[in-house]
Amino acid sequence: MHLTREEERVYDGECGWASKICMKILVRLGELFDAEKLIPISSAHASGVSYKTLGDAPTEFLQALADADGKAKVEATTNPQSFDMGYLSKRFDKEVREKQLKVLDQFERMGFTQSLTCTPYYLKTPEKGAHLAWAESSAVVYANSVLGAWTNREGGPSALASAIVGKTPEYGMHKAKNREPKVLVKLETLLENETEYGALGILLGKILEDKIPVIQGLENASKDDLKQLGAALASTGMTNMFYTENVAEKTGEFEKISIEHKDIKKTIEDLSTASNAKADLVFIGCPHCSLDEIKHVADLIGDRKVRDGTELWVCTSRCVRAKAVESVKRIEHSGSHVITDTCAVVTWTDRLGIKTIMTNSAKTAHYAPTLNRAETIIAPMKNCLEPALKG
Amino acid sequence: MQLITLKGRRIVEGYCKAEALVSLKPISFLGGVDPADGKIIEKGHDLCGECVKGKVLCFPHGHGSTVGSYVLYSLAKKSLAPKAIVNKTADPVVVVGAIIAEIPMIDKIDIKQIRTGDMVEVNADQGFVKILQRKES
């Protein structure tokens, strides 16, 4: 890999241990993937923030980096943690709370914005064509496919290293030739709601491996539908991008795949694992809700109240919550919780006694059986809210 | 015995002589290795119950969560890390882990030539592994 003189100085440790070790990570990864050089990034988004998924091992390294004056050189944001500072934090014991806060402290010392969201694009939308080093897989697909930014699917450590160096090795999704579609997916059915778009993602992730598809039939999809599609796609496969038909240049020979209504129906059936139809938790907000979604939830709830014995969580980022004051007030009036900084998947729902989770998110339905040891029921937002509400 | 030298590629520089611990299965450091004692705990793994401490750990490649890199760092801080890592194909999780934990690492090695218990020399700077002594069978 070719390094500039300035990069070599960092590599040799002239700018301190923190940037040296981060530079070394980027250079070695670059060599591994045959990158020829490093390129500047406009932002980095780090995963590996939730103590639930991290455990104890990473704290020492994060602390060593912060102690050595490791500082983010570019706009840097963080993925969700394992509880919010209000409702959920009170429900876990002091020890895990302190361990989680210690992780957050290290990111804060390194100059990361405590965004604590899987949707950093609502905080600041990257420009089209901007190079990023983002680690949250759902945000990676959204950035590449919907926002037109360029990012690989980073891991926690490589996104952190990129934040501190301000660069990423140029390989994979940072090169135009690797962003060309290889498969034509023909939707033979009209998808009707966000859950069906999510199911399409789950299904395609398994079929495509890492190939980029052009998907025909997404003309009516909203950005929130595409968010569900991308999040699910990344959960079951390594594909980091999809094209909707109108933006794809049709060049070369495509492998063709047809998706029919029965395929979507079967995928949805397989995602619902619950033996009884009653959920302890109804969860909306995977990925974190957009402003539109929060408003939609508030409208659907109306004046109704949450049933006793059921929890209704609407998860979003601090920045969206702050913009949705009126809707948040209406949702919370019903007895449901608008929760920031975390979500059902990265918190310990099992410790709260939750055995069945109902959600509109295919990504959550895919992960909850293993990560939450919960059974799942999947349905569109409207159908999720109905059984949770009185009247 | 004729000394066998296997040529590979340097990933993290360093040098050591130690006993080999060889697996033909990928290792996930998150969930697969106990950070408290360095033992492999993944059920059904061919090295389950073995401790990686002080060994030249040979395996095809890593898999699983990128948090696994931090497990290698944590092991090193407790002096429980392997002395060197020898892979068939390096992957990002193990590479990053070896860099931050400062564990010498080589890849592109035909690990089937090495057997658990062999005494091996790892020269990561020059990118080779030498089998110094076969385990007596």
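Colleague: Where is Pro287(A) placed?

Modeller: Pro287(A) is in strand β11 of chain A, residues 281-289. Keep in mind that this is a predicted model.

Colleague: What is the peptide bond from Cys286(A) to Pro287(A), cis or trans?

Modeller: It is cis, with omega near -15 degrees. For context, most peptide bonds are trans.

Colleague: Where is Asp69(A) found?

Modeller: Asp69(A) is in the loop between α4 and β3 (75-78) of chain A.

Colleague: And why does Asp69(A) count as partly exposed?

Modeller: Asp69(A) counts as partly exposed because 14 C-beta neighbours lie inside 10 Å.

Colleague: What about Asp341(A), what is its phi near?

Modeller: Phi of Asp341(A) is near 75 degrees, also positive in a residue other than glycine. Asp341(A) is in the loop between β13 (337-340) and β14 (356-359) of chain A.

Colleague: Is Asp341(A) buried or exposed?

Modeller: Asp341(A) is buried, because 29 other C-beta atoms lie within 10 Å.

Colleague: Switching to domains. What does the assignment give for chain A?

Modeller: The assignment gives domain 1 (5-176), domain 2 (180-270) and domain 3 (272-388).

Colleague: How many residues of domain 1 of chain A are in contact with domain 3 of chain A?

Modeller: On the domain 1 side, 21 residues are in contact with 19 residues of domain 3. By class, the domain 1 side has 10 nonpolar, eight polar and three charged residues. The C-alpha centres of domain 1 and domain 3 of chain A lie 27 Å apart.

Colleague: Now the two chains. How many residues does the contact take from chain A and from chain B?

Modeller: The contact takes 18 residues from chain A and 17 from chain B.

Colleague: Which elements give two or more residues to the side of chain A that touches chain B?

Modeller: They are α2 (17-32), α3 (51-54), α4 (57-67) and α7 of chain A. The most comes from α2(A), with six residues. By class, the chain A side has nine nonpolar, five polar and four charged residues.

Colleague: Which residues does Ser158(A) touch?

Modeller: Leaving out residues up to four places away in sequence, Ser158(A) touches Ile25(A), Leu29(A), Pro92(B) and Val96(B). Ser158(A) is in helix α7 of chain A, residues 156-165.

Colleague: Buried or exposed, that Ser158(A)?

Modeller: Ser158(A) is buried, because 28 other C-beta atoms lie within 10 Å. The C-alpha atoms of Ser158(A) and Ala46(A) are separated by 8.4 Å, with the two residues 112 apart along the chain.

Colleague: Helix packing next. At what angle do the axes of α4(A) and α5 of chain A cross?

Modeller: They cross at roughly 25 degrees and come within 9 Å. That makes α4(A) roughly parallel to α5(A), because angles under 35 degrees count that way. The crossing of α4(A) and α5(A) is left-handed.

Colleague: Which residues meet between α4(A) and α5(A)?

Modeller: From α4(A) there are Thr59(A), Leu62(A), Gln63(A) and Ala66(A). They meet Lys102(A), Val103(A), Gln106(A) and Arg109(A) in α5(A). The residues of this contact divide into three nonpolar, three polar and two charged.

Colleague: And α8 with α14 of chain A, at what angle do they pack?

Modeller: Helices α8 (194-208) and α14 (362-371) of chain A pack at about 60 degrees, with axes 8 Å apart. That makes α8(A) oblique to α14(A).

Colleague: Which residues meet between α8(A) and α14(A)?

Modeller: Thr195(A), Gly198(A), Ala199(A), Gly201(A) and Ile202(A) in α8(A) meet Ala362(A), Lys363(A) and His366(A) in α14(A). The residues of this contact divide into three nonpolar, four polar and one charged.

Colleague: Last one. Where is Pro40(A) found, and in which strand?

Modeller: Pro40(A) is in strand β1 of chain A, residues 38-40. Pro40(A) is exposed, because 12 other C-beta atoms lie within 10 Å. Not counting residues up to four places away in sequence, Pro40(A) touches His131(A), Gly166(A) and Lys167(A).

How values were computed. Residues are numbered from 1 along each chain as its sequence is written. Chains are lettered from A and ligands numbered from 1 in the order in which they are written. This is a predicted model: local features need pLDDT of at least 70, side-chain atom pairs count only at pLDDT 80 or more; totals for chains, interfaces and linings use all residues. Helices (H or I, at least four residues) and strands (E, at least two) are DSSP runs, numbered from the N terminus. A residue is buried if 20 or more other C-beta atoms lie within 10 Å of its own, exposed if 12 or fewer, and partly exposed in between; C-beta atoms are placed from the backbone. Two residues are in contact if their C-beta atoms, placed from the backbone, lie within 7 Å. Domain bounds come from an automatic or database domain assignment. Ala, Val, Leu, Ile, Met, Phe, Trp, Tyr, Cys and Pro count as nonpolar, Asp, Glu, Lys and Arg as charged, and the others, Gly among them, as polar. Axes are lines fitted to C-alpha atoms, for helices over the stretch in contact, and angles run from 0 to 180 degrees between N-to-C directions. Angles under 35 degrees count as roughly parallel, over 145 as roughly antiparallel, 65 to 115 as roughly perpendicular and the rest as oblique. A crossing is left-handed if the near helix is turned anticlockwise from the far one by less than a right angle, and right-handed if clockwise.
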